[in-house]
Every structure is written in structure tokens, then in C-alpha cells.
Amino acid sequence: MTKIDFNLRSDHIEPIQEMLVPGLLNIPVRGMSLKTARGKKLEKGAVVAQHPGQGSADVHASLAGKVTKVSFAYVTMLPGEGGGVAPVDLSSVDDDKEMIRTLRRLGVSATPLMESELLLINGLNPEPGVTSAEALLAHEKDILIEGLSLARRLVKPSRCILVTSGGPEVQGLGDCEVQTVRAEYPASIEPLLIKAITGKENAEGTAVLDIHALWELGMVATTGLPVTEVVVTVGENNWRIPVGTPLRHALAEGGLECAEGDVVRLGGVMRGEAAYSLDQGISKQCRAIGLVKAGEVAPVENVPCINCGECVLHCPARLMPNLITRYAEFDRFEDARKQGLDICFGCGICATVCMARRPLLHLIRFAKEQVRTTLDA
Amino acid sequence: MTPPVIKPLADSAGALVVCPPPHVRTGLGVRGLSLAGLLALAPAAIMAMGNFGLDAARVLALAGSVAVLTEALCLRLAGRDVDVDNFSALYAGLLFAFLLPASAPWWLVAMGAILTTSLGRVLFGGFGSNPLCAPLVAWAMCRISWPAAMDVDFAMAASAMHEPLAQLKYFGVQALDQFEMIDLLLGRHLGALGAVQIIPLALGGVALMVFKVIRPYIPLAFLAGVLGMAGLLHMIDPSLYAEPVFHLLTGSVVFGAFFLATDTASSPVGRMPMILFGLMAGVMVVVIRAWGVYTDGVPFAILLVNLLSPLLDRVRPKPFGAR
């Protein structure tokens, strides 16, 4: 039987590489209000779309160029001549609320930046298949320290702890305390990280910032320009890629070749989505791009649960995923909630160990989405 | 009506394979599980043919094929996909055959195999939805309906061997001196054709545990329950109750521990419920053997504890954050 490697520690991390500029950008804007139109010429860093939600960030043009196509999901741009927007002087912003508004305008999500007693910096790679978090920690320390001082200003913590895997290339971060945890997935998931450090399952007054968010903060703090790049693991290496770069380009530059029947995953091995087109642009939330070769992973099966109990024995939240997913399958979302749907972290361990190969994570996500849009609306 | 899913940028020419995460899996799948079970049963089946001759082969073949045909027919009648190619029906049929005396008449074998899949599984929604272990449902129906044909000692009267459990029940502990330990281990005594092949069954069961097809909680707790209860009784009155090891090596205790009690659908989930389930079933086996009407308590013990599974499933830790 396959042995799964849940290790989150990356032992050899190459410096982050810059990717060749793509010939086309497809910037994801689904669910946002568009601030541009077809035919417009944009400077690098100009606003493309604004997020309506509280605390969510705007999206900007990651290169200067001309908008050639606009749909509800993507803004397509042809990179060309043009300058960049003027930087914002963050040092002149004194008020915290004003600062958060400014950060949002510059493309940084400010949701985790609430005032808290304890600030945890999640230095673990989020999941197997992603090494970009530790790569940032190893090679972009100056930017992270800039980000940390800005985060400290907003969160006002009395303690600040960097949680790491104890990997050889991962050292401390400024004057932040360092604690090491056993770097095995799902240790990187927020509630479990908080529990590992504080020992409490219901820890209040703890803010968790992951390394990618800290890097975005740091980029904004050092340049005053909007965030238009993501650091993504492609294959073995880590790259700085403009938001909206088509998958086709990123895969080719990263040295991955996609053949008939392969799955292209956007994100880690455990939670990453499968891409449906190589023209899809990389979003700001993307942490890794990888290939799942045809026949490498047994496909999910549309079979009923056989009640073997593997998911229950593995669930880090001590839930019964077998019941939750059975309720989800038959549209009984209230019952799924009574079984702890809202507590579920969505780590996907239940689905990896499912004896019958049911799409457990998929059903849980479906139920959560249904609860969010119908029951809670 | 659900609105159509619109995927911008999706071109049908270069379409990718899309599947839900996670992109790594250890699960064997239903087919893999059944094949692993069949593989684990194979040594015992071969040994049964060695001990009981072609009669055993006849019963195994008939039960297996009738179970598969019944399942296919039931699925067809219900308008569902016929998925007998996942071998789960064959596995259930063979499990039932393992509980029969080698001399079972063809109609009994066929009837039992039909009951295994129809009443045991399909009626409740198919494999995975059965509240009771399907082969045991069939066994219980047959045992009650045709007691003479199902009684091993009676049905195999022509054989020179004796059934240890019947000897214990009707002649007491003194009658057990005739059985050598090695004979019990090698299946050279009367009993259900597959269930008495102790060594190959134990090997198969341990292999299933080693390759993580089944969890050890239920089998080990079951054996511990049998040994514990039998040991307690033996301690109280050795002249009335047999030794614990005797209970372990006779009837279908080993078969029940590794293959029947671990039936996924009818057993509870979670560590504690599984251990409780195994212990209760094991204790019940000895209770039935000591004071019940039936010689081998295993099938009824497991059936009874199957009924408690939903209750045992409620023994569970508080979810994350609720402490």
C-alpha cells in the first residue's frame, strides 16, 4: 500500500528565481467588482478589480499593458509599453484603520491583522508539495522583517513567536521567539498550530500570519507599491511569478511537461485544486503548481461509504467525516453541521485514507459552501 | 434546475483531467479490499479442500457463484449499476460457505448464498449499508430453518472425526482429552469447513492487519474477550468449563475475529467503540457456549453485538475545541 509522505520540512531550498515575463496575463477577478474595461491601457500596479468583502484585498495589473478581454472571471491583458503607478508613502499613515484600508488598496488581505495578545508566524510549509514558505523564510528575510514590524504595529502583541520545522536553512526572524514543532501535515493548519504552541484548543487572542502574508506585507512596506507577484513552488523550485501568469507559461518555465491525462494541481498535494485549462491565470492565493501524472493516483469512486472508520481514526479534529459526508451527499446540511461540519479544518486527511476512495474533502467543501450560501444567508 | 457551470478559458481541445483533491491516496478501493480478503481466505480454502476433500470445493464454488449471481440479479432488478466485478459479493458468499459443514446439500448452500446477498446486503442498500454481517444473517436463517442440515456434528455423522464443541456441550470437559492441540490447529476435527482451519486463517488475518487492510482493534479485542471470559470461567470451575485455549482453537473464533467481526459496515468506527465491540462479542461467544443452546457461539455473538454498533459509535471523543 502507498505510504504517504506528510513531511512539511524542505531540506534543500534554492533561492527564489524570477520567472520570464509571460506574453499574456489572465488575472483572476471572480466575485470582484471590475475597475477596468476592454481596450484600456494600464500601468503596472493599476487597480483591475476591487474586492467587495470586508478585509479582502484588491487586485492590480501585474504588468503594464492593454486589456484585451474581460469576463466575469478573468481580465486578459497583453503586456506592453508603460510605466508603473507611484508608490504610496506608508510612513505618513498614522491611524491604524487608515493603514488597514491602505493595505487593502495595495492588495494585502488585512483579515488576520486584528489586535491580539499573541502573534504566531506560521513558518511551516502549508502542505506537502509546497516549499515556498520555507524558501521565503530562508532567502527573503529582510522583506519578512519589514513585514513583521508592520504586522506588530497593527496587531500589538505582547509576544511574537515564529513557528518553524527546525529545518537546516530556516533560522529566526529578527527578535521574534522561535519554536519548533513536528513538521508533519496537518501541523501547519491554523487551529492545530495554535494548539501546538499554546496547548489550548480554544485559544482566543491569538493572531496567526503565514509567511506568504508576511512577505506581502513586507513587499508593500519596502516598496509602497501594490502586491502583484506571488511566490509559487513549481516542481522542485520556487519562483516569483506575476499574478495572472497563464499556467502554460509557468509550467514551461518551471520545466514541467503536461501530457494527456495528467492533472495540473494549483496548490499543495492535499488541498490543491485541479486546473481545468492551461490558460488559467495564477491567483494570489496560489502556493504551488504541480503535475499529477496519469495513473499515479487512484481515482475517486462513486461508491457508498463502507464504514471502515479510517477517516474517523485519522481526523485531527476528532470528527466523523464518514457521517458528515454521507449527510452532505444527501443534502442534509443541518445534520452535517450537527456532526461538526463547522469545526472541520478541511485538511483532506480523511479523503487520503478513505478505503472506498470516496471524495470526502470534496463533499465537505460542498456542504460548507451550501451552508454558507443557503443556510446562513 | 441547477444553472450550467461556465468555465471561462476552457477549451475542449486541450482539456485537462479534473479531479477533486487530495492528490494522493492510500485507500484500496472496494475492489482492492475484497481482493485482499479473498487472498487472505485462500490458504484456509485450500486447507479445507485438503481436509474435507472435493466436498469443500463444491460448497465454496456453489456459494460464491450463487452469491454473485444473486447480487447481479438484485442490482439489475433495482435498476442500479451491476458492480459485481468488485468481488465483494463473491467475498461475502465465500465467507458464508466457510461457516457451512462440508456435507451441506446443494439447496442449503444456494439458499444461504441467496440470503447472504439479498437479505444480508441488497435489502439494506448494498455493500456498506448492511447493519448486520451479511454472511451471518444467512447463517442464522439457515441454522434456524434447517437445523439438521446445518448441525455440523449431525450432518457429518459419517466422518470419523468429532466436533469438539458438541463433545464439550454434551459430554463435558472430560470428553476433551481426545483432542490433541496439533489436530485442533491443523483443522483435523469437525466444524464448519473453513472456520476450523485455524493456522491458515490466523495467517490470513494477521496478513490483513500487517498490510493495514483491517485495524487490529476488533480482532485482538475479540480474542481477548474470548480468552478472558473463558479463563474466568475455567478459574471458577475447571471441571465444568474448558480451558481458554480450547475455546480459541475450536468453532469459528479465529475466523470470526479476523473476518466476520471486522465486516466494515456492521462494526463501529473509532478506536474505543471498536475495542468495546470486540470485547463484548468475545465475551458473548463464551457465554453462549457455556449456557446457550448452540454449540458454537460465534455467529450469534457477532450478530448480537452488530445490533449495538450504532450505540457504540456514540462513544467518541469531543470534537476539536469542545473541551
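Contact means heavy atoms within 4.5 Å; I apply this throughout the entries below.

**Entry 1. Conventions.** I note that this is a predicted model, in which local features need pLDDT of at least 70, side-chain atom pairs count only at pLDDT 80 or more, and totals for chains, interfaces and linings use all residues. Residues are numbered from 1 along each chain as its sequence is written, chains are lettered from A and ligands numbered from 1 in the order in which they are written, and side-chain values use heavy atoms, with hydrogens and water left out. Helices (H or I, at least four residues) and strands (E, at least two) are DSSP runs, numbered from the N terminus.

**Entry 2. H10 and H13 of chain B.** I looked up which residues of H10(B) meet H13(B). On the H10(B) side they are B:Ile198, B:Leu201, B:Ala202, B:Gly204, B:Gly205, B:Val206, B:Leu208 and B:Met209, and on the H13(B) side B:Val254, B:Phe255, B:Phe258 and B:Phe259. The residues of this contact divide into ten nonpolar, two polar and no charged. In this classification, Ala, Val, Leu, Ile, Met, Phe, Trp, Tyr, Cys and Pro count as nonpolar, Asp, Glu, Lys and Arg as charged, and the others, Gly among them, as polar.

I then took the geometry of the pair. The axes of H10 (residues 198-210) and H13 (residues 253-260) of chain B come within 9 Å and cross at roughly 20°. Axes are lines fitted to C-alpha atoms, for helices over the stretch in contact, and angles run from 0 to 180 degrees between N-to-C directions. H10(B) and H13(B) are therefore roughly parallel to each other (under 35 degrees; over 145 is roughly antiparallel, 65 to 115 roughly perpendicular, the rest oblique). The crossing of H10(B) past H13(B) is left-handed, a term for the near helix being turned anticlockwise from the far one by less than a right angle, with right-handed for clockwise.

**Entry 3. H11 and H13 of chain B.** I found that H11 (residues 217-236) of chain B packs against H13(B) at an angle of about 155°, with the axes 8 Å apart. That makes H11(B) roughly antiparallel to H13(B). Their crossing is right-handed. B:Pro219, B:Phe222, B:Leu223 and B:Val226 of H11(B) meet B:Val253, B:Gly256, B:Ala257 and B:Phe258 of H13(B).

**Entry 4. B:Leu248.** I located B:Leu248 in helix H12 (residues 244-249) of chain B. Not counting residues up to four places away in sequence, B:Leu248 touches B:Leu223, B:Leu227, B:Val253 and B:Val254. B:Leu248 and B:Leu227 are 21 residues apart in sequence and 7.0 Å apart in space, C-alpha to C-alpha.

**Entry 5. H1 of chain B.** Helix H1 (residues 29-52) has 24 residues and reaches 34 Å from its first C-alpha to its last, close to the 34 Å expected at 1.5 Å a residue (1.5 Å times one less than the number of residues). I located a kink of about 35° at B:Ala42, shortly before the proline B:Pro43; the bend at a residue is the angle between axes fitted to the seven residues ending there and the seven starting there. B:Gly53 follows H1(B) and has a positive phi, near 75°. In the segment before H1(B) I placed B:Pro22, and the peptide bond from B:Pro21 to B:Pro22 is cis, with omega near 0°.

**Entry 6. Chain A.** I examined H1 (residues 96-105) and H3 (residues 141-155) of chain A, which pack at an angle of about 135°, with their axes 10 Å apart. That makes H1(A) oblique to H3(A). The peptide bond from A:Tyr185 to A:Pro186 is cis, with omega near 10°. A:Arg357 has a positive phi of about 60° although it is not a glycine.
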